[in-house]
Amino acid sequence: MTAAATPAGGTAGAAALADAVRALADADFGAVAERFSAAGYAVTQPAPGMLQIKWAGARQRASVLVSVGVHGDETGPIEVLAQLLDTLSRDAAALAVDLMVCVGNVGAIRAGKRFIDADLNRMFRVRRGALGEVVEAARADAMIAATEEFFKDAGPLRWHLDLHTAIRPSVYPTFAIVPDLVAEEAKAALIGWLGQAAIGAIIMNPQSAGTYSYYSAEHCGAAASTVELGRVGTLGQNDLGLFADVALALDGLLRGAAPGAAKVAPHVFKVAQEIIKLSDDFRMAFDRGTQNFTALPAGALIACDGATRYTVRHDEELVVFPNPDVRVGLRAGLMVVRVS
């Protein structure tokens, strides 16, 4: 992590950081918003947990959306962003982009739960069926409205980094999902940034599962990615050293630094098939300890769902996000194949 992103002052610095984390987790942008406003930025809060900071100068700037807490139990990115945002707000002139910060499922964060009624990261779709009246549907609508407003008059440089942590262990501790529809030049820049952030694997995703990042890519033209940064942890108890590379890369992006050297050359995968839970009879063919990116050979059984059997279609496929506990009709896992 850069010196700019590290609190100083011993106990006082640690206390300030703890306050910043608590404030962001509670969707309280008061102190940060006041500092940027005092520095001459146009600062708005279109809905609870959402902050937009824009510069009214003549030169068009890149527009960057950073979201955290779309799942309420994924707290590491909240701590990382709280530290970066607090430090940057104290040096507000260094912000080189128009910035939107979104704290996703505020209610779930406060409750220490993944969600209240249903997975927020499946709500960014036109048709929600039986989920149309859940709490998360209304929250997604508010996030969509703010996101579209933020990017409405933006220039061509548009980014959305949706920061998560994974439920289960992974062969690649950090990885990202990038919508395949992102324009090639923007996609190359995004992949370069992911390498700079030491992201070990990238999945090119051809279709939406109702995720926030896919929505911003498809409807707002953003170079967007869901970025998985290790494991779920308790707020205030995450080892921020594990997030140092992504914190450094994100700090550089917000300050307009020239792209740095890649820490890794990410392995690139494409989606081979989606595993959809069709009924309550759905059963995975492996146990809950199975890691993300576990390889399965051709013909291997992935899951059974009544008369439907999901099997490996290629010489080898790797399983990502296996979760038999999703609601019927939603994606219970991805099977991917490596392309580079």
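This is a predicted model: local features need pLDDT of at least 70, side-chain atom pairs count only at pLDDT 80 or more; totals for chains, interfaces and linings use all residues.
Student: In which loop is Ala198 found?

Tutor: Residues are numbered from 1 along each chain as its sequence is written, and side-chain values use heavy atoms, without hydrogens and water. Helices (H or I, at least four residues) and strands (E, at least two) are DSSP runs, numbered from the N terminus. Ala198 is found in the loop between H6 and strand E7 (201–205).

Student: Is Ala198 buried or exposed?

Tutor: Ala198 is not a glycine, yet its phi is positive, near 65°. Its relative accessibility is 19%. Buried means under 20% relative accessible area, exposed over 50% and partly exposed in between (1.4 Å probe, protein chains only), so Ala198 counts as buried.

Student: What is the class of Phe321 by relative accessibility?

Tutor: Phe321 lies in the loop between strand E14 (316–320) and strand E15 (331–338). Although Phe321 is not a glycine, its phi is positive, about 60°. With a relative accessibility of 22%, Phe321 counts as partly exposed.

Student: Which residues does Lys187 touch, not counting those up to four places away in sequence?

Tutor: Lys187 is found in helix H6 (residues 184–196). At a relative accessible area of 7%, Lys187 is buried. Contact means heavy atoms within 4.5 Å. Beyond residues up to four places away in sequence, Lys187 touches Val178, Pro179, Asp180, Val182 and Met204.

Student: Which residues of H8 make the contact with H3?

Tutor: Helix H3 (residues 76–89) and helix H8 (residues 244–255) pack at about 35°, with their axes 11 Å apart. H3 contributes Val80, Leu81, Leu84, Thr87 and Leu88 to the contact, and H8 contributes Ala247, Leu250, Asp251, Leu254 and Arg255.

Student: At what angle do H5 and H7 pack?

Tutor: The contact of helix H5 (residues 135–151) and helix H7 (residues 212–220) has their axes 11 Å apart. Met143, Ile144, Thr147, Glu148 and Phe151 of H5 meet Tyr212, Tyr215, Ser216 and Cys220 of H7. The packing angle of H5 and H7 is about 40°.

Student: What is the mean pLDDT of the protein chain?

Tutor: In the protein chain, 95% of the residues reach a pLDDT of 70 or more. Over residues 1–10 the pLDDT is below 50, and beyond near neighbours in sequence this stretch has 19 contacts in the model. The mean pLDDT of the chain is 92.

Note on methods: Axes are lines fitted to C-alpha atoms, for helices over the stretch in contact, and angles run from 0 to 180 degrees between N-to-C directions. pLDDT is the predictor's confidence in each residue, from 0 to 100.
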